[in-house]
Amino acid sequence: MKKTIYYVLSTVILSSMIGIGLIGCSPTENYVMPTNPQARVCIAQCDNSKNQCEELVSMKYQDCLSHKTKYQICINDDSQCTSQYDSCFKVCGGTIEQSK
């Protein structure tokens, strides 16, 4: 029993350290807003859509957790919300700059 606990703890600690190290290596995105007032209204609609998407993902995740079976995995992944937002942002006239 003690070996199992130590194994789990060491795995969690190692995974956390690797994750923290990778965060520093990932590029960052800088969202550059357009100056056109109509484009800003458009981007506000993108913001609303992203918020609704994230809420829906969260609700689906919570529903999954509450009805989960022994072999079911629940994933809380809102990456599709971000990719949809990025596309919308660009269509509205914004630009997304990548930097390290």
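## What counts as a disulfide

A disulfide is a pair of cysteine sulfur atoms within 2.5 Å. A search of the whole structure finds 4 of them. Number the bonded cysteines of the protein chain in sequence order, and the pairing reads 1-8, 2-7, 3-6, 4-5.

This is a predicted model, where local features need pLDDT of at least 70 and side-chain atom pairs count only at pLDDT 80 or more, while totals for chains, interfaces and linings use all residues. Residues are numbered from 1 along each chain as its sequence is written, and side-chain values use heavy atoms, with hydrogens and water left out.

## C46 and C88

C46 and C88 are joined by a disulfide, with 1.9 Å from S to S. The link is left-handed, with -80° about the S-S bond. C46 sits in helix α2 and C88 in helix α3, so this pair ties together parts that are 42 residues apart in sequence. Helices here are DSSP runs of H or I with at least four residues, strands are runs of E with at least two, and both are numbered from the N terminus.

How accessible are the two cysteines? C46 is buried, at 1%. C88 is partly exposed, at 27%.

## C42 and C92

C42 and C92 also form a disulfide, and their sulfur atoms are 1.8 Å apart. The torsion about the S-S bond is about -60°, so this disulfide is left-handed. C42 belongs to helix α2 (residues 37-66), and C92 to the loop between α3 (79-91) and β2 (95-99), so the pair ties together parts that are 50 residues apart in sequence.

C42 is partly exposed, with a relative accessible area of 24%. C92 counts as buried, at 9% relative accessibility.

## C53 and C81

Which cysteine does a disulfide join to C53? The partner is C81, and the S to S distance is 2.0 Å. The torsion about the S-S bond of C53 and C81 is about -80°, so the disulfide is left-handed. This pair links distant parts of the chain, with C53 in helix α2 and C81 in helix α3, 28 residues apart.

Are these two cysteines buried or exposed? C53 counts as buried, at 14% relative accessibility. C81 counts as buried too, at 1%.

Terms used:
Buried < 20%, exposed > 50% of the residue type's maximum accessible area, 1.4 Å probe, protein only.
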